[in-house]
Amino acid sequence: MTPLAVGAGPVLGAAPVAPLPGAALLVLLAQCAALLATATVLGRLAARCRLPAVTGELCAGIVLGPTVLPHVAPGVAHWLFPHDPAPVHLLDAVTQLGVLLFVGLTGIHCDLGLIRRSKREIAAVGLGGLTLPLLAGLGVGLLLPASMFGPTAEPAVRAGFLGVALCVSAIPVIAKILADLKLLHRDVAQLSLGAALLDDIAGWLLLSVVSMMATTGVRAGDLAVALTVVVAFLLASATVAPIALGAILRAVGRTGDQGATTAAVVTMILSASAAAVALGLEAVFGAFLCGLAISASGMPVAESLRGLRTVVSTVLAPLFFATAGLRMDLGALARPAVLGTALLVLAVAVGGKFLGVFVGAFATGLDRWQALALAGSLNARGVIQVIIALTGLRLGVLSPAMYTVIVLVAIATSAMAAPCLRYAAAHLPTTARERARAEDVPTASGSPAPGTPRPDPPPPPRSSPRAGGP
């Protein structure tokens with residue numbers, strides 16, 4: 001049916017919309033098959049090299065994108081990924097489903113009790129990991145030559161986009177790395193996701209500000225509306241949503257049909273994502289908050305979602321991560337100016353995030369191993385930084401070369417996260433809470449993380465525990 005105008009009644013006798021043409025469907029199916037196969041192979045290769053699978057999955061887009069495939073098989077590249085917005089947007093729409101479900105399922109398995117008890121640590125780590133890279137990025141953005149940016153971008157706008165790109169953390173990539181390394185059940189992983197959520201909230205607000213600077217200019221009224229929307233969405237997710245979603249899940253659970261529970265959870269995640277987009281927020285933001293609300297409802301849905309987790313972790317999520325690298329051309333790094341800029345931006349991004357997180361962690365009494373694990377995970381910018389780079393490219397703030405630099409930083413920081421996390425986690429003792437939580441936390445295969453048989457969880461402590469403490 002054709003879309004209805006607001007306030008209009010149904011359009012009687014309207015002709016049905018024509019189906020997707022066979023040629024377009026053929027290209028879409030071939031794209032998905034090629035991306036998934038390449039992502040799976042490179043993901044397994046990355047795992048053999050003791051890197052998270054997501055690193056190889058991100059590189060799949062580089063292999064099939066303008067960096068490699070057009071030089072090896074130009075005819076195949078032109079047919080498979082034509083320079084036409086329609087098939088690109090169609091592929092983006094398909095792959096968005098994977099990342100939204102993955103992020104939503106990650107939120108469901110967050111330990112809200114730990115996050116509430118550790119809100120002081122999360123606030124300090126998130127704030128430290130946000131402010132220092134933001135300030136460093138602003139400084140570098142002012143120092144870089146204007147040729148690295150769009151021809152009409154003002155210096156303040158250029159600096160603002162780079163600052164925002166360097167201060168964010170990527171919840172989807174962090175969650176995928178933690179799942180690949182089988183660390184989602186660890187306390188420090190839960191703190192990482194809480195701090196990443198805080199950074200992302202601030203990051204989307206800052207992105208809206210610099211986007212307004214690049215287009216219409218910043219108006220106090222627009223900024224106030226944006227802040228109000230975010231606060232209202234957060235409050236609704238923390239108060240009304242858990243009650244409403246819990247009631248729906250209880251009603252569905254009475255049927256005894258696990259498939260119905262799975263369908264209900266998917267519907268909730270997609271509806272929350274749509275609500276976020278309608279309010280001018282990022283869809284990933286809504287999906288993660290929906291997962292947290294389902295977790296807060298107290299409904300036991302882990303068993304019903306095992307099959308969904310397997311499909312999302314092994315098919316849909318890798319497809320999304322592979323698509324993220326399709327717009328990147330590493331050939332631009334052959335120019336010394338671009339390569340120098342990439343090395344400078346990478347050093348500032350890593351140094352600013354690590355130093356900021358360490359300062360925040362030590363301020364609350366966390367030890368060096370906890371600080372290293374938090375810094376390593378929050379350093380992963382992943383697809384969130386790619387989205388910011390795409391926004392800057394679309395608005396004419398970033399040049400194609402600068403877009404490549406930012407995406408390269410996103411991939412490099414995501415690859416660096418795994419060694420830091422693995423090394424730091426090896427020095428953190430496993431607690432009884434973590435062993436109990438391991439029974440319900442998914443790994444990349446959709447199975448529970450390995451651990452001892454689930455004991456009865458200890459009573460909640462009376463004082464706020466340190467992450468990773470007994």
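Lys353 and Asp199 are both buried, and the two residues form a salt bridge in this predicted model. Their closest N and O atoms are 3.6 Å apart, and that is inside the 4 Å limit used for a salt bridge. Side chains of opposite charge can pair when their charged atoms come close. Lys353 belongs to helix H16 (residues 336–363) and Asp199 to helix H10, so this pair ties together parts that are 154 residues apart in sequence.

How many salt bridges does the count come to? The count comes to 2 salt bridges. Arg306 counts as partly exposed because its relative accessibility is 21%. Glu303 is partly exposed too, with a relative accessible area of 47%.

The table below sets out the two pairs.

| Salt bridge | Closest N and O atoms |
|---|---|
| Lys353 and Asp199 | 3.6 Å |

Helix H1 covers residues 22–48, and helix H2 covers residues 53–64. The axes of H1 and H2 are 7 Å apart, and the two helices pack at an angle of about 135 degrees. H1 and H2 are therefore oblique to each other. Their crossing is right-handed.

Helix H17 (residues 368–378) and helix H19 (residues 400–425) have axes that come within 8 Å and cross at roughly 160 degrees. Angles over 145 degrees count as roughly antiparallel, and H17 and H19 are therefore roughly antiparallel to each other. The crossing of H17 and H19 is left-handed.

Thr404 is part of helix H19, and Thr404 counts as buried because its relative accessibility is 3%. Between Thr404 and Val338 there are 9.0 Å in space, C-alpha to C-alpha, although the two are 66 residues apart in sequence. Leu64 and Arg327 are 263 residues apart in sequence, yet their C-alpha atoms are 9.9 Å apart in space.

What do Leu20, Leu25 and Leu29 form on the surface? These three residues form a nonpolar patch, and together they have about 260 Å² of accessible area. Leu29 is located in helix H1. Is Leu29 buried or exposed? Leu29 counts as exposed because its relative accessibility is 52%, and the cut-off for exposed is over 50%.

Finally, have a look at a loop. Lys182 is found in the loop between helix H9 (171–180) and helix H10 (187–214). The phi angle of Lys182 is near 60 degrees, which is a positive value in a residue other than glycine. Lys182 counts as partly exposed because its relative accessibility is 39%. Helix H10, at one end of this loop, is also the helix that holds Asp199, and that brings us back to the buried pair of Lys353 and Asp199.

Definitions and conventions
Residues numbered from 1 in each chain as written. Predicted model: local features only at pLDDT ≥ 70, side-chain atom pairs only at ≥ 80, totals over all residues. Heavy atoms only, no water. Patch = residues over 30% accessible without salt bridge, like charges linked within 9 Å, V, L, I, M, F, W, Y side chains within 5 Å. Areas by Shrake-Rupley, 256 points an atom, 1.4 Å probe, with all protein chains shown as cover. Salt bridge = Lys/Arg side-chain N within 4 Å of Asp/Glu carboxyl O. Helix = DSSP H or I, 4+ residues; strand = E, 2+ residues; numbered from the N terminus. Buried < 20%, exposed > 50% of the residue type's maximum accessible area, 1.4 Å probe, protein only. Axes fitted to C-alpha atoms, helices over the stretch in contact; angles between N-to-C directions. Parallel < 35°, antiparallel > 145°, perpendicular 65-115°, else oblique. Left-handed = near helix turned anticlockwise from the far one by under 90°.
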